[in-house]
Amino acid sequence: MQICRLGNDHLREALDLVWEVFERFEADDYSEMGVKTFRHFIEYHSILDRVDQGNMKFWGCYLNNYLVGVIALREGQHISLLFVREKFHHLGVASMLVRVVENDVRAMAPKIPAITVNSSPYAVGFYRAVGFKAVKEEQQSDGIRYTPMTKLIGSK
C-alpha cells in the first residue's frame, strides 16, 4: 500500500469514497439533518475551495492504483475526515493514515503538541486504540454526533 498527498485531480474520487463509507457505516447514527449536514460539508466545490486556500490537506492510501482510504487535515492539526473502504477495515490502513498526519503536523508545525478529531460514534473505539482520548462527552451540532478527542504528539 502506498500513501500520498492528494491533489485537486483526486478530490472527487476521495469524496466519493468518503460518501460511500459514510452511507454504509455512519449514516444510521445520524438524523436526516445530520446526513444532509455531512453531505453539504463534503460537497466538492466547498472542499476544493478549502484545499485551494490551504485550509485543508488530503492524503490517500492506494493499493495497485485503487484508492482504499482517505484522511483530511484542517486547521493544521484537526483530522476532519478519515474513511476506509469496508473490505480494507482492520488491515491497518486508518492507522497508517493517522501516522502520516501526525508526521505532517510535526514537520509543518513542531510546536503543536496535539492533533484533534471530532470522532463519529462509529470511530471512537478506533481513535482510542491509536492513542486519542476523549476531552468531552459526545456532542451534537446540526444533527452531527461527535466526541471531541485529542492525541498528544510532541516532537520525535
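## Ser119 and its surroundings

The side chain of Ser119 gets to within 3.1 Å of the backbone nitrogen of Val124, a polar contact (a pair of N or O atoms within 3.5 Å; within protein, one must be able to donate a hydrogen and the other to accept it, and residues adjacent in sequence count only if both atoms are side-chain atoms). This is a predicted model, where local features need pLDDT of at least 70 and side-chain atom pairs count only at pLDDT 80 or more, while totals for chains, interfaces and linings use all residues. Residues are numbered from 1 along each chain as its sequence is written, and side-chain values use heavy atoms, with hydrogens and water left out.

Ser119 sits in strand E5, residues 114–119. Helices (H or I, at least four residues) and strands (E, at least two) are DSSP runs, numbered from the N terminus. Ser119 has a relative accessibility of 1%, so it counts as buried; that label means under 20% relative accessible area, with exposed over 50% and partly exposed in between (1.4 Å probe, protein chains only).

Which residues does Ser119 touch, leaving aside those up to four places away in sequence? They are Val124, Tyr127, Arg145, Tyr146, Thr147 and Met149, with contact meaning heavy atoms within 4.5 Å. Arg145 is 26 residues from Ser119 along the chain, yet their C-alpha atoms are separated by 8.3 Å.

## Arg106 on helix H4

Over in helix H4 (residues 93–108) we find Arg106. Is this arginine buried or exposed? Arg106 is buried, since its relative accessible area is 18%. A polar atom of the Arg106 side chain lies 3.4 Å from the backbone oxygen of Ile153.

## The chain as a whole

Stepping back, the chain has five helices and eight strands, and along the sequence they run β-α-α-α-β-β-β-α-β-α-β-β-β. The radius of gyration is 15 Å, close to the 15 Å that the globule rule gives for 156 residues, so the chain is as compact as a globular protein of that length. That radius is taken over C-alpha atoms, and the rule is 2.2 Å times the number of residues to the power 0.38. The C-alpha atoms fill a box of roughly 45 × 40 × 35 Å along the principal axes.

Take the contacts between residues at least 6 apart in sequence: 62% of them join residues at least 24 apart.
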